[in-house]
Amino acid sequence: MDERAGPDGERLYVDTADAETGAEGPFYVVYRGRDADRRWGFYCGHCESFSTAMDSMGRIKCNDCGNLKKPDEWDAAHE
């Protein structure tokens, strides 16, 4: 895992082996501790930002570059 400074200077750990595929690049799972016991969120591999959001359908979006992972259960009715 890669240790990085989070948005508030907090030490966060990016698990580069655990990723979700986005349109522009991967979204890596982020943890608060090196032992991966407390999940924090996602890290955008395209623009290297922690500013990401996930909705109840599993869609992940980077608030900085717009990188997007489609919902886990997607069909035309979700648009």
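**Sheet, cores, aromatic pairs and cysteines**

Phe50 is buried, at a relative accessible area of 13%. Here buried means under 20% relative accessible area, exposed over 50%, and partly exposed in between (1.4 Å probe, protein chains only). The model is predicted: local features need pLDDT of at least 70, side-chain atom pairs count only at pLDDT 80 or more, and totals for chains, interfaces and linings use all residues. Residues are numbered from 1 along each chain as its sequence is written, and side-chain values use heavy atoms, with hydrogens and water left out.

Phe50 forms an aromatic pair with Trp40. Rings of Phe, Tyr and Trp (its six-membered ring) pair if their centres lie within 6.5 Å; planes under 30 degrees apart count as stacked, over 60 as edge-to-face and the rest as tilted. The Trp40 and Phe50 pair is edge-to-face, with 5.6 Å centre to centre and 90 degrees between the planes. It links distant parts of the chain, ten residues apart. Trp40 lies in strand S4, and Phe50 in the loop between S4 and strand S5 (52-54). Trp40 counts as partly exposed because its relative accessibility is 28%. A search of the whole structure gives two aromatic pairs. Trp40, Tyr43 and Phe50 make up one aromatic cluster.

Strands (E, at least two residues) are DSSP runs, numbered from the N terminus. Two strands pair if DSSP finds at least two bridges between them. Four strands form an open sheet in the order S1-S2-S3-S4, with antiparallel pairing. Strand S1 (2-5) and S4 are the edge strands, each pairing on one side only. S1 pairs with strand S2 (residues 11-21) in the antiparallel sense over four bridges. Glu3 has Tyr13 in S2 as its bridge partner.

A nonpolar core is a set of buried Ala, Val, Leu, Ile, Met, Phe, Trp, Tyr and Cys residues joined through side-chain atoms within 4.5 Å. The largest has seven residues: Phe27, Val29, Tyr31, Phe42, Cys44, Ile60 and Cys62. Strands S3 (26-31), S4 (39-44) and S6 (60-62) each give two or more residues to this core. S3 supplies the largest share, three residues. A second, separate core has six residues, including Val14, Val30, Tyr43 and Phe50.

The structure holds zero disulfides, a disulfide being a pair of cysteine sulfur atoms within 2.5 Å. For Cys44, the nearest cysteine sulfur is that of Cys65, 3.8 Å away. Cys44 is buried, at 0% relative accessible area. For Cys62, the nearest is that of Cys47, 3.5 Å away. Cys62 is also buried, at 1%.
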